[in-house]
Amino acid sequence: MVNPLYLFAASLGVAFLLPLVDKLGRKLSLALAYLTLAAWLAAGLSYLWALSFGGAQATLFGTAGFEAPLAIMLRVGLAEAAGLSALSLVGLLAAISMRNKLRDSPIGGLMTLLMALMGMSGIVLTRDLFNLFVFLEISSIASYGLIAYDDRKAALRAGFKYMIAGGIASALYLIGVVYIYRFTGQLNLDLAASSPGLAGAAGSAAVFFLLAALLVELKPFPANGWAIDVYHAADPGVAGILSGASATALMLALWKILPLLGPAHLSLVAGSGLLSFVAGNLAGARQGNARRMLGYSSVAQLGLVMAVIALNELYGLGGEGFVYLTAGGLLLNHLLAKTGLFLITEKAPSGGTTALGGLLALALVGLPPFPGFWAKWSLVQALVAKGQWAIIALILAASLVEAFYVLRWFGSLAKGKADESQLEPRASLFAPALLALALTGFGVLSGWNAGLREPLLWAPFALAVLLYILDRLSVFVKAPLAIAAVAAFGYLATPGLDGLRQFFALMLLGGGALFLLSAMRKAGPRRGLMPLLGAATLSLGAVLLADSALSFFFAWEAMTLFSYLLVLRGKEGEKPALSYLSFGLGGAFLLMLGLLGGAGLWPGAPAGPAWALALAAAGILVKLGALGVHVWLPGAYAEADDEVSGFLSASMSKAGIFALIALMAALSLVPAGREALNQGWALRGLGWLGLATALFGALYAIYQEDIKKTLAWSSMGQLGYVVLALAINDQAGWTTALYLALNHFLYKGMLFLAIAGVVQRVGTRNMYEMGGLIKKMPFSFLSVLMAIIALSGVPPLSGFGGKWLLYSSLINKGWYLEAAVAFFASAVAFLYLYRLIHSIFLGQPKPSQALVKEAPLALTLPQGFLMAILLAVSAFPRLMLDPIMAIVGNRSGTILAFEGGRLSSPLGYWNGTLSMVVTAAVFGLCFVWMMVNLHNTQSVKQFNIVYAAERPHTPATTHYAFAFFEPYRKALGFLTRERAERFWESAGGGVSALGGALRRLYTGNGQTYALHIVLYVAILYLIMGVL
Amino acid sequence: MDATLLQRVGYAFVSLFVITNYGLLLIGSMARISAKVQGRVGQPVYQPYIDIIKSSAKRNSIGHGVMFYLGPVFRLAGGVGTYMFIPAVFGSALFMNFSDSGDLLLVMYFIFFGQLGMALGASEGGHPYSAIGVSRGLAQMTAFEVPFALSVIAVAVQYGTLDITAIVAAQQGGFMHWTLATNPLAVVAALIAFLGMSMHNPFSVVIAPQEIPIGPPTEYQSNLLGMLQTNRAIFNGAKLVLYMNLFFGGATNIVVMVIKTFLIYFINVFVGQAFPRLRVDQSIRFFLGVPTLIGIASVLIAAF
């Protein structure tokens, strides 16, 4: 391993030579500086290689050939090598992205850059306490210069505040070093740590000063106003260096002095870190300025890393490997993503900016496959094992807030909004792209390392990448490709699955393929749609494949991720996507806790304790949009692209149903679980929740003017029935649930596809702006007609089977009132269904829609396919029920049984085939009767009849199809005042207000900031006294 | 059960013929009774026959499209089908119809078949009054279905079955075995729902028969109207038979059926003559109030 001293010498030499070299031209000086940075990076990587693969051991380098205590020692171990590589990489990339400005500003900028990075590297390597101080000072002083290098007033002011804070920190540090030297007689860290001199109150106080200085440098809440101002005002490259590289160095410094710290010190670090994580994120929630927001996020992330390091020492979460994995993973994730994001903020919105910004933002919030995801998983896993619930709750809640504001920013970026004042026309995407690549690489490696080696689990990401590369091609090329990928996935995955999973594979993968096909309804590349829809489909398949807690959660989060991006892709998708993701992640966190607590959702899994199952179930219910946590649903379904809405409703919602079923299946496998189920109150509660979801979904649906909103609410309601049926939890209930789920897939698929065609042809989603389309789009009408008959449960189509099964199972179970409410809910469904088909296809045709054509083949074809299936299973219910009943098996007694075509329950019977035949015969006779008696018909056109008034200018108020069910609202409107929405809004408002209050600390005044720091340290000291 | 398929089809036609004529006469006689109450002479009892023949004989002056024609077909098929799924006379092969297709749930949901089809057919006519009538009708329907569903559940709980024949069988053996005697609350709830179902006063705003005609039939004429009128007779008959089976001990022969259904239908007329009309929102709140509570009470009584 090369001696790092040479590198320090090189940095110093080059920095001092630069003013001379600069006379020969700025290009040369730039090249020299970059070369030096690259040398650091190369050295770091070579150390890393030697230590991880070359069999080398951690090495100490003494200066001037002596050993400690006579010399200053530099240590190169795994952590140092990784830190060095990371900070040099970030430094180099930031420097490259700053090259235009470095070229135009005085040479001092380049010099300070070299010095700052060298100082940080020194902090990483040194084992000497005083030398650490020297490097801290070098990097700080260089940083002040660097912040102000481009000579802007705001940056100068921020730099000055930085200097004040740095000065206070240095003073504290020096005091600490002085006392430590006094007590131990040593400046070498390792020797000092092993010295008995630090025991006792005085020693503890000495260490405290050391620690306080490092903490202040790590920008803890609330003593971090100076840092926020710097992030806000400095050049994004500088901000990236400070947020990424400097933080890495300081974090390693903290890690280095751990041996000196006692439990009280560690508690301070942990508490301070957690407080920074929570408060930083709360303050960020309110922030509109991108860089300041990233600043808050930096503060928060550093707080989390700090807390993890301390918590590991305090609770023994998992030793050194654990710290590398979690704290290291989080730090790596933070430094790569944050630097990239800072650099992105100066780039004008474009396809590339969006893609990279998206990758980096998603990495930052800890979604798979990025390193933060794995780190967070291991962290929470360790905390769950230690039962640290309060800490888990804090971390997850704050993570959710962070995801909210980071992705809010990304959402506006994706919609082409940016802060004009921050844009830099010469900025390039090279550095962010490299950072994103590194993040992805590290993420995949971590996943591989964590034991996720099943290639099919990674297939969604692979497909997304592949299709993204081909994204410029026409959708007619990509869609068949994506469908082929789905088919291949199905071919490889399904044979190994059990019956239940194969059943769901049909809906998830088959549905995905169907909607991919329908995406060909419009020509052109339709950029972004195919990669995301294809990947989302495969991620649904991956959920079925999962065979461990981690793989299940991985697939689940992948599903959340891709569907979020799909919703965001919708024209007005920004807000709904954010709310979708916030709830999706919130649910996912609950699910994660459940999984880590032992809830098993894969074949042969143990059931786990009751609380874990309850948490997992709660997480799944959020995904299903149960009443109370449904507020994300209508917006997401309505604003996504039309085929995506169908995919979300028909296919993706089934993944939630699947998870719930898997959970209950796991539960009934073990005796304790069966006992819990038999107690009933939990299931009864679940049943009522499902029922309330069904009823309110239907009630909300009837008031909508927007067709897709109607369908969205309807989906929510229909899933409510499935939950209700599952809660019954016997053979009949399970059969009902699976039957309802498959049926919902069929008719909602048809409805969304047909509506996609209508919206595409008509160009509006408001029902009162349509009418009389039956003559223009007869096929779509037929499809909607069959679908609503099936949905409403009117015989003879298969929907009635669902109703019959539901009521039979409910009454058989003794849930009478539930049955009555379910009946009411399903009657309410008639209201919105009638309105849907009537307002669109019947009634008065609109003159502006006289030239509308039938929907494109890409939409009618899948509808025809679904219609054929629907008819077949309606006439022969056994086609559907035999497999379902085989999957369900004999759960605590057979309730439903077939004799020929007749399905019997203890209460009654239903012969689907016979009722179909009778209905068809009666209908045929009536039809013949009508035809025989039809004479001399005169067909009339629209305006042959009296129309009450002139054409209305404001259809919204005068058209009879507007506010169609007003009497209903008058009678029952009080039920549907949006309580849950108001609740979540005020919850969000509360968080935001809290954040706003916290932000008042940051006055922008350097003196105030100095006071904060001093008070912070004083309070820490007092707290330590108590500990 | 032993009858061949052909025999069963033949029986079904006989049964249908009986109920059609009975339904028509019932409507005619009720109209005449109403007239007497209001101090008028009223129409002859056979007026519905005249109406249907006259309508069917007329030329079809106006057609609006496929769904417009299919509306009455759906409606009539809905009426006939509903009747076909109900055993009309207990123990009679002639009147068992095709009740082995499904139980009470099938009947309750098949009632919607005709309503839905009719609503769609009428909507294609494009007349706003049709649609408004449908919107009112549907809104009111959701409300009166609640007490009805509750009383049906009460019956199912009480007899432990949803099989109509079995429910009738359980009520044999005299008045004290009728649901009317064993669970009167269920019957009260169901009868109040019946008032809504029949769309007589005070729940007649759906079709607003006295002023501007509103409701699905607004645009229908000629044989299409004839089909609707025929359906009215059959559908009424079917519902009355259903009520008789569920709550009034069923019928062991056709005479008992006629007497019982006549009396049940008379309740409608009686209430209709005595009460003024409610607005739709009022009737929704009405049905979801006291009648629903009565229904819940009936279920609780049956369950415990």
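In which loop of chain A does Asn729(A) lie? Asn729(A) is placed in the loop between α30 (707-728) and α31 of chain A, where helices (H or I, at least four residues) and strands (E, at least two) are DSSP runs numbered from the N terminus. The structure is a predicted model, in which local features need pLDDT of at least 70 and side-chain atom pairs count only at pLDDT 80 or more, while totals for chains, interfaces and linings use all residues. Residues are numbered from 1 along each chain as its sequence is written, and chains are lettered from A and ligands numbered from 1 in the order in which they are written.

Although Asn729(A) is not a glycine, its phi is positive, at about 55°. Asn729(A) is buried, with 24 other C-beta atoms within 10 Å; a residue is termed buried if 20 or more other C-beta atoms, placed from the backbone, lie within 10 Å of its own, exposed if 12 or fewer, and partly exposed in between. In chain B, Ser222(B) is a residue other than glycine with a positive phi, near 50°. Ser222(B) belongs to helix α9 of chain B and counts as buried, having 22 C-beta neighbours inside 10 Å.

Helix α31 (residues 731-762) of chain A packs against helix α35 (residues 857-875) of chain A, their axes coming within 9 Å and crossing at roughly 155°. Axes are lines fitted to C-alpha atoms, for helices over the stretch in contact, and angles run from 0 to 180 degrees between N-to-C directions. The crossing angle makes α31(A) roughly antiparallel to α35(A); angles over 145 degrees carry that description, those under 35 count as roughly parallel, 65 to 115 as roughly perpendicular and the rest as oblique. The crossing of α31(A) past α35(A) is left-handed, a term used if the near helix is turned anticlockwise from the far one by less than a right angle, with right-handed used if clockwise. On the side of α31(A), the contact involves Leu746(A), Tyr747(A), Gly749(A), Met750(A), Leu753(A), Ala754(A), Ala756(A) and Gly757(A). From α35(A), the contributing residues include Leu859(A), Pro862(A), Leu866(A) and Leu870(A). Two residues are in contact if their C-beta atoms, placed from the backbone, lie within 7 Å. By class, this contact of α31(A) with α35(A) has 12 nonpolar, three polar and no charged residues. Here Ala, Val, Leu, Ile, Met, Phe, Trp, Tyr, Cys and Pro count as nonpolar, Asp, Glu, Lys and Arg as charged, and the others, Gly among them, as polar.

Leu356(A), Leu359(A), Leu360(A) and Ala363(A) of α15(A) meet Pro432(A), Ala433(A), Leu435(A), Ala436(A) and Leu439(A) of α18(A). The contact of α15(A) with α18(A) has nine nonpolar, no polar and no charged residues.

Helix α25 (residues 610-624) of chain A has 15 residues and reaches 21 Å from its first C-alpha to its last, close to the 21 Å expected at 1.5 Å a residue; the expected span is 1.5 Å times one less than the number of residues. Because 11 of the 15 residues of α25(A) are buried, this helix is largely enclosed by the rest of the structure. Among the buried residues of α25(A) are Leu613(A), Ile620(A), Val622(A) and Lys623(A). After α25(A) comes Gly625(A), with a positive phi near 75°. Helix α17 (residues 389-414) of chain A has 26 residues and reaches 36 Å from first to last C-alpha, close to the 38 Å expected. Gly416(A), which follows α17(A), has a positive phi near 80°.

Cis peptide bonds were also identified in chain A. One joins Phe221(A) and Pro222(A), with omega about 0°, and Pro222(A) is found in the loop between α9 (201-217) and α10 (225-233) of chain A. Another joins Pro795(A) and Pro796(A), with omega about 5°; Pro796(A) is in the loop between α32 (778-792) and α33 (799-813) of chain A.

The contact between the chains takes 65 residues from chain B and 62 residues from chain A. Elements giving two or more residues to the chain B side include α3 (66-84), α4 (104-124) and α5 (128-159) of chain B. The most comes from α5(B), with 17 residues. The side of chain B that touches chain A has 40 nonpolar, 15 polar and 10 charged residues.
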